[in-house]
Amino acid sequence: MDLKVSSPKEIAKLYREQSHFSSLSRADVGPVITSQYGGKYNNISTEWTQRDLERNEIVTFCRQYIVFHDDKLIVYSGPSGNCTEIKGELLSQDSPSGEMKAVVRECSIKGEEKQFLEIWHKNSKIKSLNLTALKKHGKVYEDEQFGCLVWSHSETHLLYVAEKKRPKAESYFQSESESGLLGDDEDVIKAGKQEDTVKGNQFVYYEDWGEALVSKSTPTLCILDIEGNNVSVLEGVPEDISPGQAFWAPNDTGVVFVGWSHEPFRLGLKHCPNRRSSLFYVDLTGGKCEKLSDSTAVCSPRLSPDHCRIVYFECDVYGPHQQCNKLCMYDWYTKKTSVVVDVVKRGREDGFTGIYSSMLSHQCWSADSQRVLISSPQRSRKDILVVDTSTGQVTSLTSKSDMGSWSLLTIHRDLMVVSCSSPNCPPSLRVGFLPASGSEEEVSWVTLEDAQMQPEIDWQILTFTPPPEEDNKQYPGLDFEAILLKPKDVKEGTKLPVIVKPHGGPHSVIVTEWLLSSAVLCRMGFGVLHVNYRGSLGYGQDSIFSLPGNIGTQDVKDVQFAVESILKRGDFDREKVAVIGGSHGGFLACHLIGQYPDFYKACVVLNPVTNLASMIGSTDIPDWCTVEAGCDYNTNTMLSSSMLEQMLNKSPIKHVTQVKAPVLLTLGAKDKRVPNKQGIEYYKALKALQVPVRLLWYPGNNHSLSKVDAESDGFMNIALWIIQHLNL
Ligand SMILES: CC(=O)N[C@@H](C)C(=O)N[C@@H](C)C(=O)O
């Protein structure tokens with residue numbers, strides 16, 4: 001069968017075209033304004049990201065909209081201007097009244113990177129503080145894990161997280177003039193102080209928080225007194241705790257934050273909400289710090305609009321990296337904690353399968369402080385759920401819609417701003433009012449920004465029941481799903497080539513949302529099968545727990561079963577099957593070509609796990625290797641030969657001698673999660689076995705391989721590799 005699109009020029013054109021669709025990253029609703037004619041309206045500010053292939057970067061831009069309403073229904077809405085690119089903003093936040101805006105900006109002055117904290121009011125920047133020159137702390141944290149920029153309720157102070165100031169280190173052999181003690185560092189003079197220096201500490205190792213959090217080691221809570229231009233580092237946070245995700249307590253008496261334990265050493269945090277952490281409160285006057293939650297793993301605390309309660313997610317420490325969350329609630333005045341929504345072992349009759357999001361939206365409460373909104377995978381969809389905090393009842397706002405997946409961007413006085421998309425429809429922007437309790441299903445959405453549907457793509461969710469011999473004895477009766485993308489209007493009798501894509505994690509999920517590379521592959525003429533094998537998020541805790549100890553078998557067999565099942569339908573060509581996977585998905589791809597050597601005709605792996613036994617000593621998440629191999633973990637765990645054997649036995653490198661499929665590897669030079677030595681180990685084995693192999697090396701890229709050139713070059717190479725080896 002000829003592909004619709006197969007020449008490099010045509011593929012690049014299609015990729016360029018499809019990468020113009022932008023994604024929503026944020027929305028903020030301004031205060032309600034009453035017009036001179038009595039009509040009420042809100043301004044909505046949205047932030048979008050888009051790949052700019054010419055500039056080789058992801059650009060962020062904003063667009064404003066206006067929404068007229070009567071507090072229940074939207075009567076008129078539309079954009080109020082064109083897009084504007086946002087540059088250099090690390091963090092930004094409107095004040096609670098909407099009168100002011102704070103921005104942390106990074107810019108280069110005379111070739112040196114500086115960070116500024118700016119306050120904007122009406123049409124001017126009223127303050128710009130050079131945080132770098134102040135030298136109260138290191139770089140400001142802009143990441144989602146720790147970072148925040150929060151106005152006090154009184155709008156007089158700002159709270160943010162920054163790296164703890166490190167004493168200047170110098171060699172024992174540095175002369176006084178070289179060391180700057182007699183020097184003329186302009187910023188030091190302006191700041192009015194000389195720095196303490198420590199000799200012999202230049203090469204001291206600082207642990208960091210791993211993948212995507214490199215150079216983030218010791219976060220501190222910092223407060224700017226806006227009137228006094230004074231930045232202070234908050235005291236009272238316990239020495240063994242790294243604080244983040246902070247906000248002001250009711251009445252600004254102190255600060256509430258999540259504190260992660262960093263003793264005896266730091267473990268990677270990205271995709272790992274299962275790290276020992278608690279909710280803390282530090283009092284501003286006495287510096288007294290108290291724990292508000294038990295020592296489990298917590299994240300995303302959010303204060304209710306009436307300032308009486310805090311909701312947050314909680315899960316177990318260690319074990320599978322991502323699990324079903326509990327939604328907990330702390331009452332500020334009674335100091336009592338309750339579990340609002342518990343862990344769900346198996347999907348419920350009403351369709352609710354548990355909470356699997358890693359983050360709550362920054363604004364997630366209904367106006368009356370009774371209900372909380374959560375976007376979460378529910379099997380292969382992502383839906384917006386409403387939780388009644390007094391009854392624990394969960395209702396889906398979106399499960400009945402045709403759109404595949406929904407995310408809440410924000411909610412303000414019950415006006416919800418959401419993003420939705422499907423595998424054949426890029427993200428669009430919608431708004432709607434949260435209906436009264438009990439009538440949630442009556443929600444009516446108004447589209448602010450429509451997306452261009454891709455009519456050439458067909459998609460569906462397939463459900464599979466594993467054959468009896470593959471049922472998990474400890475967790476029987478679990479099913480799983482796959483999302484199949486197929487080109488529309490295929491000539492009768494044509495058998496399509498198919499690309500199988502198992503996701504990484506393994507405790508993650510692919511939902512029915514816009515997926516750029518799959519959309520392009522589908523438009524080229526491939527069937528694309530995303531398999532959410534048992535162990536994926538969104539199917540209940542039992543499904544997650546069924547996998548550790550069984551990786552390399554249960555997940556591999558589920559993927560193979562899904563592919564074999566679609567081949568039986570007759571639309572696909574059994575001789576033209578390729579597999580692509582990244583990380584644990586790469587682990588599965590390598591297993592599949594090793595265990596089914598005649599089945600797959602081409603394989604592509606992105607930063608794959610190939611040998612757990614060799615990965616454990618170099619990854620930022622050594623616990624992942626032990627837990628997934630079926631062993632327990634705690635920080636005192638010392639390796640034994642039997643553990644290493646178990647890890648090796650579960651690894652795809654065990655099957656490498658059987659491999660026949662040509663393999664393309666794409667590796668990130670700076671991957672801390674699955675260090676590139678994993679890919680190189682597999683590459684060398686294939687070379688020795690004379691299996692066709694090609695390795696692409698992306699400098700400056702980490703585990704996600706998400707820099708624009710790595711992603712686009714990677715895509716082209718992947719597509720051409722598959723075309724070549726499937727003889728298309
Ligand atoms: C927990 C984790 O990061 N596991 C990796 C081995 C992995 O598979 N990561 C996934 C989430 C990825 O797609 O990068």
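How many helices and strands does the protein have?

## Overall fold

The protein has 13 helices and 39 strands. Helices are DSSP runs of H or I with at least four residues, strands are runs of E with at least two, and both are numbered from the N terminus. This is a predicted model: local features need pLDDT of at least 70, side-chain atom pairs count only at pLDDT 80 or more, and totals for chains, interfaces and linings use all residues. Residue numbers start from 1 along each chain as its sequence is written.

## Dimensions and packing

For 728 residues, a compact globule would have a radius of gyration near 27 Å; the protein agrees, at 26 Å. That radius is taken over C-alpha atoms, and the globule rule is 2.2 Å times the number of residues to the power 0.38. The C-alpha trace spans about 75 × 75 × 50 Å along its principal axes.

Of the 728 residues, 47% count as buried (20 or more other C-beta atoms within 10 Å of the residue's own, with C-beta atoms placed from the backbone).

## Helix α10

Helix α10 covers residues 622-629. Eight of its eight residues are buried, so α10 is largely enclosed by the rest of the structure. Among them are Trp624, Asp623 and Glu628. The cover over α10 includes α9 (612-615) and α11 (641-649). Gly630 follows α10, with a positive phi near 105 degrees.

## Ligand shell

The ligand is surrounded by 14 residues (C-beta atom, placed from the backbone, within 6 Å). His271, His321, Gly504, Ser583 and His584 are the closest.

Technical notes: Buried ≥ 20, exposed ≤ 12 C-beta atoms within 10 Å, placed from the backbone. Contact = placed C-beta atoms within 7 Å.
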